[in-house]
Each structure stands twice: as C-alpha cells, then as structure tokens.
Amino acid sequence: MTATPALTFRLVSKVYDASSRESRFALREVSFDIPPGLKVAIVGRSGSGKSTLLHLAAGIDVPTQGEVSIRGRNLAALSDRARTLVRRQEIGLVFQFFYLLPHLSVRENVCLPGFIAGEGVSEFEERASELLEEVGLLDRAEDNIQELSGGEMQRVAICRSLLRKPRLLLADEPTGNLDDANSGLVMNLMLKLASKEGNTLVYVTHSAELASLADEVWRLQSGVLNPS
Amino acid sequence: MIRYFLAAWIAHLRKAPSLFLLTVLGVALGVASVVAIQIINQNAIGAFSAGIKAVSGEVDLTVLGQTTTFPEELYSQVLATEGVAAAWPLYQIDVALADRDSFFLQVFGVDLLSQVRLPFNSSPADFSQALFEPGWIAVTPSLALEMGWSIGDPIVVTSGMRRVQLVIGALVDFQKVSPLASRKLAVMDIAQVQGLLGSSGRIHQIDIQIQEETHTEELILRLENRLGPSVQIVTPRQREQQAAALMGAFRLNLTALSWISLFVGLFLIYTSTQASLLRRRLEFGLLRSVGATRAQVFGLILGEVSLLGLLGVILGLPMGYWVAQSNVEMVSATLTNLYLLQEIDSLQLSPSLYVLAAGIGLGGAITGALFPAIDISRKNSKDLLTAFTLHEKSNSLALPVFGMGWLVLILTALWFWFLGHSWKPAGFVLAVAVLVSLPLLTPFLIQQICGRIKTRGFGLGYSLKSLAARLQTTSFAVSSLAIAVSMLLGITLMIGSFRRTVEVWVQTTVQADIYLTTPSWRAEPEATLDGELVSALAGHPGVVSVDRLRRLLVSIDNKRISLVGVDMDLSGGQSRFPLLTGDRMEVLGDVQQGGVLISEPLARKSELDVGDLLQVYAGPGKLEFPIAGIYYDYTSELGSVAMDLSVMGEIFGPGPINSLSLYLEEDRDPERVVDEIKARFPDIPLQIRSNQRLREEIFEIFDQTFAVVRILQMMSLLIAVCGIMLTLLVLARERVSELALYQALGASRLQIFRLFVGKGLGMGLIALGLGSAGGTVLAAILIFVINRTYFGWTIQVYWPGWPVLQQLATILTAALLASLYPALRASKTPAAELSRDDLQ
C-alpha cells in the first residue's frame, strides 16, 4: 500500500485577472504527487510561477482550477479558517526575505508559530532551543534580530518553520537574498534538518547548483511544470 | 504640478477614505471646540452691550452709580456741564413674571419725552399712551408671541414684594436695532418704572453724547469734579471691559480648555500625515528623480494638508455653532446666576469667528503636518526610493526626548517656584508644561513598558510588545489620548474636589430649615421683605428663631460687592461664616464692635488680610472697616463682606430685610411649613425653599456651571479616540506584510482581530496610566494655582472615586471600540499579501 502523498496538485491552474482581457496564466494544469520525505527543487525563471505554486501549496492562495491536496485533504474545499489551521499544523514556510519580526528576539521569532498555536510555552521553548542549537545560534537566542547577518537570519527562519514539526516544508528562494557562502550553508542546513525531521521539502530556487542537492528537480516554465 | 496635485489627492482619497475622514473629523472637532467657546464668549459680552445699545443707541459716555442707583438730581448737573451735547437718564430693573418665578423681564425706564432720538423711536410702535396709561410697557414681538400676548393685554410682574399689573402698550423689535438684544427686553416710561417698580428719585445711569470737538478725557474730569464720588463715568468700551472682567476667569478657563482639544487634534494630523507620507515615499522619490524640487514636494504636501484643514473648517464651523447653540442655555444660566449678567438669547457669528476658525483649522493642520513635510522634502531621491524606517530613528531618540520632557517639567516648576508664582497666568504655564511634556515622555515609556514584555503567547502581551516596534506611529496616538485623559481626569478631580468642598461648606453654613426671599432678590438689592411680613413669619407656628439678612451693594476697587448684615449674635449662627483662621468668639467680638468679615475670594484677589482696613464706597460715601476675619464663601467669586446687622443699621441707617431664614422646632416638617406659609400669604411674591430644596438648587447651579466643561472634555476624548482608530488603521495598512505573515504561519482571522483590539486596549491602558499621572498633576495645578489666582477659593482635595472610575472605564471602552473597525480590516489581510518590505 502506497503512502498518501504529502502534496498533490491535480490539474491546477492559476489565472490572475481572470475577468479581464489581459488575464495571465501563472500556472497551467500543473499536476504532481510528492510522496512523504521527498526533497523536490523547483527551478524556473522570474515570472514562471514558482512563488504561485508555493502559495497554492501552502493554502495561502486558492487555484482558479484544479485541486491542491495535503495528505489527501483538498485545500480548496476547505474554508479559509480550515486552510489556516492546516497551515498551522502541517506546513512550515521559509521565505526569501526571511520575514522575521524586528520587535521580537531570536528566540521569540522562532517561537512565533507556537504563540499562534496557543501551545504551552515550555513545550515549544525547549524545541526552539534544540533547533537553535542545531543551527549554531543558541547563544544568540536573546539577541535582537537586527544584530544578525543575512545567513543567520535565514537560519532563524528555518528554525521557525520547523518549530511545530510540520510534515511539509515549503521554501521560496530560501537563499535568494544570501551570498554564495551563506547560500550553501543555509541550503545544506535546511536539507539536513528536513531529513532529520522526516519532512517533505519543496523548495524553489534559481540556482541549478542548489537545485541539484534535492532528490528531484522540476522545471517550471511559463506556468507549466516539467518534472525531470 | 497643480494638475498632478489634484489627481494625486483624489487618488489617495479613494484609496484611504477612512483615514481621510478621520483626519478631517479630528480637525473639525478641534475647530468646533475652540469656535464654540469663542461664540459663547463673544455673545456673552455682546448680549451685555446689545441690550444697552438697543435702548440707548450709540453713546459716548455713561454715568453709573458706584453702588446701584444715584440721585436723579445729578441728571440736571450733567446737562449743565460744558461739552455735553445731550443726555438721557435710565432706570433698569429686572422683574419676575408673577406666574413664572424664574422668568425675568429686563425693564428699562427711559424718558420717552426726551428730544434725543432713541434707537427704537423710529419703530412703527405707538408710544403715545406710554406716559398716560398706568403700567404701559413695550415688549419684543418675539416675547409676545412666546407668551401669547397682544397689545392691550395685562401682565402681572413682581419687584421685591410688589405685585404690579402692567399692560402691553406696544411691540418693539429691539433685536432689529441690536441683533443680540434679549427678547426679554422691555421699555417703560422712566417715571412709571421708578414709581411702580423701583424707587422714585433714583436712577441707574445717564447716557451722554459729547459735543463735537470736545475732548472726552477733559469732559470726564469735569463730570467727576461736578458729580462727586458717588458715580463713575465710563466709556462704552470700559463698560464692556468691566462686564468682560466680571466673567474673565470663567471665559479664560473655558478658552484654555477648548485649545486643549485643538492641541489633541494636532497629534491626529501629525499621525495621519506621517503615515500618508511614509506610504508615498516612493511617489515622492519618483517626483524628485524626475526633477521636482524640494520646495515643490514640500508645497505639494502642505497643499494637501491645507485642503484637509479647509474641509475640517467647513465641517467644524457649523459643528461649533451647534455645540454653542446646544449649551447656550446652560452657559447663560451660569452668567446670570453667578455674574448677574444678561442672559444670552441668541448667537451671532461675527466675521472674526470665521477668520479664527479658518486660522486654527488651516493653521492647526499645517502645524501638525509641518515636521513630517519638512522631513520628507529634505530627503534625497535615493533615500526616498529605498525602503527606510523612521522607527529606528525614533527608537534611538526616545531616551533623549524623555529627558527633554523631564527638563520641561523641572524647569517650569523651578521657574514657578522662584519667579513665576506671582504672575497671574503662571498656572496656565504650568498646565501647558504638563501637557507638552506628556508626548515627550511617551515614546520612552512605551519602549520600556512594552519592549520589555516577555512574549508568552499571541495575546495581549504580544499586542503590547508590538506597540514598541512602531514608536513613531503609536506614541503620537498614545500621547494625544494621554493628554485628553489628563484633561478629563484633572478636571473631574478638580470638579469633584470642588463639589465636595461646597458640600461640606453647605452642610456647615446652610443650617436653617426654611429660606425666604423675593423672586428678584439676586439682581435687585431693592427687592426687600416687608417689615410686617418679617414679624408675621417670625411668629409663625413652629418657628423658633429667625435669621435676618440685609444686603447692600457697595463698591470696592470699582467693583460692586455685596455687603450683608446679619445678626452675628444668633445662637448657633457662627457656622454661617466658617473662618479660615482665628478664634471664632474673638472674631465675633470684633465684628460686633464694627469689624467686618470678608470672603476668601475678596481677600485673595484684593490681597487683604485680617487687621487690614477695608475701603468701600457706599451710600454715605467712602468708609473704612477693620477686617476681623476671612470666611469661606462659595456663593460668588466676586467676593462679599459681612457685618453685624445692628452695626449696619447704625452706619447706613435702618433698612428693610432682603431675606430671612427660619429655624423650626425639632419635630416640624419644613416642607409642610413651606406650604403653610405659601397658603398663608398667597398674594405676596415670595421665594420659599426648604433647606433640602435650597441645597438641591445650589448643586443644580453648580452642575450647570460645569456642564459646558464636560462637553469640551468629551470632544477632546473623541478626537483622541479618533487618533487611536486612525493609528490602528495606519498600522493595518503599513503592516500588511506582517499581518500576512501571521496568516501564513497559521494565525486565524479572529486571532489577528484580537491582536489589533489588544493594540487598541494597550494604547488605551498606557494612555490611562500616563494620563492619570498627568491628570493628577493638572488637578493640583487647577486646585492650588489657577483656582486660587482667578477665583480665590480654597478647594479641599477629594478623590471622587466612582466618577473617576466611570471615566476611566469610559476611556478604555472608547479605545476598545475605536480598535474594532481597524481590527476587522486587519483581520481581512490575506496571507498572499506578503511582500518584500514593510517588515522592517
């Protein structure tokens, strides 16, 4: 018996400004199944639909057509609140621009998903410490975010995304704002942690080199996906 | 550039209509507060001079009695004085309508035979019977309509104990001559007024027209030498100034309060402008990069702000008029009750008010926007086109600005202590220092209180912590609310303390069971009680003792002050005059030997003390009395003097009593005895009140006096609450990415809604804390400095627990309600709104 795919796209299309003459297809009939634990890199040029694909996968956006499912649950059939809860329970997100909050400390930024989930503080604080130690930033836990370098900030963001042990990790150009040295460091870290945690990882990147670190590389071109 | 300006303005208006509306509303409320008070102030003075103008027309000089009336014989002396072109006498008396005790006609007795063309002479009314028909009176058409009177109808009025029937002889529209004249103005022949209602052989004033080429000052000197010290000669301007001075303190305090509302509004403008400019920095960067100069960008911003200000003025002016109109009755009652001035019948907007409204609306808007406008226009295009944050800068400035706030407070306090305490407006300087320091202290306090919170969840703590992240935006909203809270609380504490002080004072001094006087006693010293009536009341069943009060008006420092004579020896009567210092029995002894007691306001304002000689001008001329004691008195800020009744009789001759207090047997019901007296003397115009009823009336007047103050407080609060709403809306717009992040991380809309409500609550709580501290200090300044300087009263500090709690709860609720709409907007931010900037 095959395991339920971690992420499924079934003939998913996303059109912006559908009612106007100048409507634009961000994605065209994209279909795939990603089994649990797989690491997939999606490459493509700017405007190819990579971020749109990740937004749909995270339930941040809904497709114009088709079905997006997380472990068999069709996100489009869920209410906005239900999708939010799925995101809370099942998905970790890493962004190109880190999106850390300047008024929170390093530890507090990592714990943010826990605050939102309303879990017991002691539970996720311990988990936060573990993750920070993994990425080598435990001694910076009480520092202000603005004191960190770009690479350090992205490491904090990765910790945040893994705090609640999500099954699916989605990363949108996680090294897009980093120099080469930090890119490699961060990418390897993310892959290592994802493997350790048993996460399914889907990440978007421009870099062929970083893409090659994944189990599979898929190419997205003008909204059409070509799994290689 | 103008085309761009208009297009940009309309586009931004469409994009953020709620921000625009809130800003305009803030300006409008600020304008309305100031304009409302100025309308009332101006019309209060206007009402005073309008009545005189309507009857006398344009005069050059007026002869007035030092006390009230003076001998008619002086009129011929005036006419005979070189330089006098024409003169005419007037007798003025307020009479009550017999069936409506507290409704007064303002009757002017004029010489209708005079050659002088009085302003209403040209009206179509028929004056031919004025001299011949007993009780002939001309009233205004508006009053006749209100009362259902026609020409020929009899009306019954009371003056003192006299009940007199008058007949409506003509309808004269005095308001056509002078629009602010009261509808209750009436005119009779002077001889009729003197005979029927007043005193024969006495007049109140002589109006004078000067011959051409006569020097006014020289004529005044000639008249003073000729007429003697029993009168004063004043110009119309001086008369107006005297009236203005009477209620000067009252008006000044109202004006100061209204300006606080405007001050609060400035913060709203600042927040709105700042937020708008931050959002549009790319637009300005683009303009600069395609060749717009700094001056053009600056002009563009100020142009938009000016339009906002103009709209605020357009809205605020009618709002201010409406507020004034809604409160004119209360203020008018205060003027008549406390200052014995004419009531305000109608309101007029003078051209100067339009100018004032435009000035404060536009000026306020520009002032509030000036700093952000200068800041943005000084930046170069590169800075504008890249993301930057003001909040880093404001975070680092928080401590030095906090220091500045303390510096302002300390320096002002030191100045006051060593130099300023003898300067009359010093109290206002202190108050301004407190209000100015609050916004300086706020950013650092938010930083310290909110920044240090250890986040434990996504609840109130998290909301509070996030306030510290946007200091530039949040501190202004918190400051403006703190200022409004200070004003609210400070004044509530002051009024509460004052009320409690008066309660204790009333408890001590209002001891008799029944109080009797005539309906017109307040305004008319001639309103006296008949001797026979007094004897009859003293012998009424159940009456144990009576306290007689005789009142004369004297002149002290050219101000009319009440001199009351009472039986100082009355058993238990010492409590009527609670002393500031000194042994009661000793002081009583001195008073019975010819000394006087002066009220605290008189003592403070005239800088008099026990042992000094009080110089008065009264009927017999200039007199001096040793001051035996100073007593607490809250009936009038003008002051009063008390002496023994028998000593008064020796000095001024025997005279009738103005009011009477009855002490009853223990088991007697005062209300029943009141009814008995009314039944016993049905035809005598008497105002009879039980102790309970009198106390109730005293506090009705008290509460009425402060009614308009409460309106101003509420307007300030409303502006500040608009500021909270505006700030939260700005945050919801500015922080779109942050809100999207929360959604992306799994926060529900309800959680984001609660987050924003928490921010509003947080701002409310911080403002409450700051405002409570500020309000306490402000209350102290009001009680111990401003009140003492301007009104002369001692107010015992008292914490009116329940009213204060109610107010604090109201403020917090208002802040909470203000956060609901922004919270709703914020909760609708979709997770897809994540973008590259705005999280910084």
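Residues are numbered from 1 along each chain as its sequence is written, while chains are lettered from A and ligands numbered from 1 in the order of writing. Because the model is predicted, local features need pLDDT of at least 70 and side-chain atom pairs count only at pLDDT 80 or more, whereas totals for chains, interfaces and linings use all residues; side-chain values use heavy atoms, with hydrogens and water left out.

Chain B contains 27 helices and 20 strands; these are DSSP runs numbered from the N terminus, helices being H or I with at least four residues and strands E with at least two. Along the principal axes, its C-alpha atoms fill a box of roughly 95 × 60 × 50 Å. Of the 840 residues in chain B, 59% are buried, where buried means under 20% relative accessible area, exposed over 50% and partly exposed in between, with a 1.4 Å probe and protein chains only. Among contacts in chain B (heavy atoms within 4.5 Å) with a separation of 6 or more, 82% involve residues 24 or more positions apart.

Helix 9 (residues 248-279) and helix 17 of chain B have axes that come within 9 Å and cross at roughly 170 degrees. Such axes are lines fitted to C-alpha atoms, for helices over the stretch in contact, and angles run from 0 to 180 degrees between N-to-C directions. Helix 9 and helix 17 of chain B are therefore roughly antiparallel, given that angles under 35 degrees count as roughly parallel, over 145 as roughly antiparallel, 65 to 115 as roughly perpendicular and the rest as oblique. The crossing of these two helices of chain B is left-handed, meaning that the near helix is turned anticlockwise from the far one by less than a right angle; clockwise would be right-handed. Residues making the contact include Phe263(B) and Phe267(B) of helix 9 and Phe476(B) and Met487(B) of helix 17.

Helix 15 (residues 426-451) and helix 16 (residues 460-467) of chain B come within 8 Å, with axes crossing at roughly 145 degrees. Helix 15 of chain B also passes helix 16 of chain B in a left-handed crossing.

Pro179(B) occupies the loop between helix 5 (174-177) and strand 8 (185-189) of chain B and is partly exposed, at 42% relative accessible area. Beyond neighbours within four places in sequence, Pro179(B) is in contact with Ser346(B) and Gln348(B).

Over all chains there are 25 aromatic pairs. Rings of Phe, Tyr and Trp (its six-membered ring) pair if their centres lie within 6.5 Å; planes under 30 degrees apart count as stacked, over 60 as edge-to-face and the rest as tilted. Phe115(A) and Phe124(A) form an edge-to-face pair because their ring centres are 5.5 Å apart and their planes lie at 75 degrees. Phe115(A) is buried at 3% relative accessible area, and Phe124(A) is buried at 2%. Phe498(B) and Phe702(B) are likewise edge-to-face, with centres 5.2 Å apart and planes at 75 degrees. Phe498(B) lies in helix 17 (residues 471-509) and Phe702(B) in helix 23 (residues 691-705) of chain B, so this pair ties together parts 204 residues apart in sequence.

Finally, Lys184(B) lies over the face of Phe103(B), at 4.2 Å from the ring centre; the criterion is NZ of Lys or CZ of Arg within 6 Å of the ring centre and within 35 degrees of the ring normal.
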